[in-house]
Amino acid sequence: MKINKTSLSSISSLSQKRIAAEKRFRLYGLIGISIGLLMLIILIGTILSKGLNAFQQTFITIEIELIEAKLDKKGNRDLADIKKVTTFGYTPLIKKSFEVLISKENLVTDLSSKNVSKILSKSAASELRNFVLKDLNLIGQTVSFEFLTNSWIDGYLKGRVTRETIKNSKNVSPEQLDLVDQLVELGIIKKKFNLGFLLGSDASDMRPEAAGFGVSMVGSFYMMLVVLILSLPIGVAASIYLEEFAPRNWITDVIEVNISNLAAVPSIVFGILGLAVFINFMHLPQSAPFVGGMVLTLMTLPTIIISTRASLKSVPPSIRDAALGVGASRMQTVFHHVLPLAAPGILTGTIIGLAQALGETAPLLLIGMIGYIATNMPTGIIEGLASPNSAMPAQIYEWAKRSDPAFYERAWGGIIILLVFLITMNTVAVILRRRFERRW
Amino acid sequence: MYIRNLALATASSLLIASGGAVARDYVHVAGSSTVLPYASIVAEAFGENFDFPTPVVESGGSGAGRKRMCEGVGTNTTDIANSSSLMKEDEGAKCKTSIGEYTKVQIGYDGIVFASRLETKGFEDLAPAHIYLAISDKSEITNWKDVDPNFPDRNIKMFIPGTKHGTREVFDKKVMVAGCKKAGTHKYLMDSGLTKKEADKECMKVRTDGVSVDIDGDYTETLASIASNKEGIGVFGLSFLLNNTDTIYASKVNGIMPSTESIASGEYPISRPLQFYVKNAHIGQIPGLKEYIQFFVSDEIAGPDGPLAEYGLVSDPELAKTQAMVDGL
């Protein structure tokens, strides 16, 4: 009979198999992680390479004579009269100033002054008008202005538009690019940091260069404010009751199961619910950030309740027993001892819930926060909550929908800003947890 | 105590918020995605030149926009429905019972064009009959060569607007039914005992085997579809074509090239009026509504030299009539 000998110095085939299996498993893990990392690098690389350009914009500096005969025919500086001159009345002034510029700098071009002035953004006339309305004393003087160039010229300076790609384009001609080349050399056309993108509002399809992200950021801010004000007290109250006071019976079990289910419901469902209840039934206004905030509250509540209950649960019973033992009421026990100890966990859960809500688009589609909306910067809290606005992800979606590549660039830029917010919020959540969480 | 205060504060802040929202001070527009760029250009200029806030313009399709306008009267309903198709009779009657009078304001014309990627040349001239033969539900052809031997040897793939779009209605009428008549199918159907209406309906049926794809989103989606399906032909509006001539080119239809001139003259066969419907009951109630409408049809906006024409709208030769009509509202 053969004895199956085992030895300490040589490895049996069975052990070899086990060791190999473990090696393979580690390798799978490594491959998994590297695929994940690679995707992350590709994602971030794409976002940065496509979006960073949105933070730069091409400007042109030009001297404009604010001719009194055109802007203030009566010459009495009456604001109401001057307001009657629409943006269309300012266009000839801009055209004229280009003629002056070309003759002053001896620029070579065959273009008519109408086509020359097309290198400017369509927003220039309205900028000029606003400027004049703010300071009527400027009328009659020659003032130096800095305007946006149109998005094709901007794309040309950024390399998005080349002479090759505009061959069939009706939006910009090679002659205009020739002129732009001369102006760039003179330093009259320059790329600069694009503050308008951070502070401005959406623009129509004719002037993507003037579109900004600022107003939708404000919209998102007000929505998050509503979500915070509503979901934190409701969520914490509900979890305290469920965790500390509610009797354990089938009713609380049903509630518990339903809360977990709600957390898994797709967000579009909350959007439809919001449309049906808040807008069609309660007749709240469409496109208002506070309605958006209420819809997102519905979505965030389960997340907050679940994380609050988990952190309440992690407070050891001995704390409660000790408090009750020295004569505290149950409410005193909760508010003096349990809640403060659970606070870091609750905050973390809330911040993560808010971050989720911040990036949510689907429910906003249904309550009218998508379209040409984010145009009026709100001036106060009430206006901020009630006047129509968009939100960051909704604005990104809206831009990505438009066909113009300049809007597309802005959509990527918006993604960068949104990601910065999300990463900041999540980092704060992690720091809070690390610093204040107590292990028992 | 703390909880009670918090609850009170929350409730009162919400009350204030909704109280401020009851009186709406901006114009609310919804509807056609074809009209959306024009409406947003006008809304932007309106906000700049008047002391009223910039109107809110949502999209979602002509039918959806009209439905929202017809929901009822009140500040939480839409004032204006942009529409690339005309309201149907029964739809109009139903709308009148719920909101009273409404007014149609025509802003200009738009052409419907067949376009494909620049790198896939080959369809210089299409006729409605070709399209009908290619995508009718009675057709089993899968190659353009079988439609017309002059066409390139290429699989048929068409991206047409979905049924909720106004563009589709015009496409059905001016391409499918017209092509059906040219191809003789319409006469055959009528001979076989169908009424004219039934025959029209039969002609509008599009095959469902994947050769023709309905696009429910806007033209950007159609553009993306022909970018990934390079052999495909998409249905676009003229203005979209004019702003994307660096990626797509349009086919002639019946030998006529689509352009603002050929559409204004009526030579180009597939065009349609663009308009918006406005709820009369809201005029005078919503600040800026009448001014917005007047501004929209003014010469400096909708005229042949205005920004809308520059974007691709074919301006209405009878704009003066519309202006007079709007002034009387």
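Chain A has 19 helices and three strands, where helices (H or I, at least four residues) and strands (E, at least two) are DSSP runs numbered from the N terminus. Bear in mind that this is a predicted model: local features need pLDDT of at least 70, side-chain atom pairs count only at pLDDT 80 or more, and totals for chains, interfaces and linings use all residues. Residues are numbered from 1 along each chain as its sequence is written, while chains are lettered from A and ligands numbered from 1 in the order in which they are written.

Let's start with the overall form of chain A. Its radius of gyration is 31 Å, well over the 22 Å that the globule rule gives for 440 residues, so chain A is more spread out than a compact globule. (That radius is taken over C-alpha atoms, and the rule is 2.2 Å times the number of residues to the power 0.38.) Along the principal axes, the C-alpha atoms of chain A fill a box of roughly 105 × 70 × 40 Å. Of its 440 residues, 39% count as buried, meaning that 20 or more other C-beta atoms, placed from the backbone, lie within 10 Å of the residue's own. Among contacts in chain A with a separation of 6 or more, 78% come from residues 24 or more positions apart; a contact here is two C-beta atoms, placed from the backbone, within 7 Å.

Now for the strands of chain A. They form an open sheet in the order 2-1-3, with antiparallel pairing; strands pair if DSSP finds at least two bridges between them. Strand 2 (142-148) and strand 3 (189-193) of chain A sit at the edges, each pairing on one side only. From one strand to the next, the twist averages 35°. Strand 1 (residues 56-65) of chain A is joined to strand 3 of chain A by five bridges, and Gln56(A) stands opposite Phe193(A) in strand 3 of chain A.

Further along chain A, helix 15 (residues 330-358) packs against helix 19 (residues 405-436) at an angle of about 170°, with the axes 9 Å apart. Axes are lines fitted to C-alpha atoms, for helices over the stretch in contact, and angles run from 0 to 180 degrees between N-to-C directions. That angle makes helix 15 of chain A roughly antiparallel to helix 19 of chain A, a label for angles over 145 degrees. Residues making the contact include Leu347(A) and Ile351(A) of helix 15 of chain A, and Met425(A) and Leu432(A) of helix 19 of chain A. By class, the contact has 14 nonpolar, two polar and one charged. Nonpolar covers Ala, Val, Leu, Ile, Met, Phe, Trp, Tyr, Cys and Pro, charged covers Asp, Glu, Lys and Arg, and the others, Gly among them, are polar.

Where does chain B come in? 42 residues of chain B are in contact with 38 residues of chain A. Helix 1 of chain B gives the most to the side that touches chain A, with ten residues. That side of chain B has 21 nonpolar, 14 polar and seven charged residues.

Within chain B, strand 1 and strand 2 pair in the parallel sense over two bridges, with Val29(B) opposite Val57(B) in strand 2 of chain B. His28(B) and Ala30(B) point one way from strand 1 (residues 28-31) of chain B, Val29(B) and Gly31(B) point the other way, and all are buried.

Key. Parallel < 35°, antiparallel > 145°, perpendicular 65-115°, else oblique. Buried ≥ 20, exposed ≤ 12 C-beta atoms within 10 Å, placed from the backbone.
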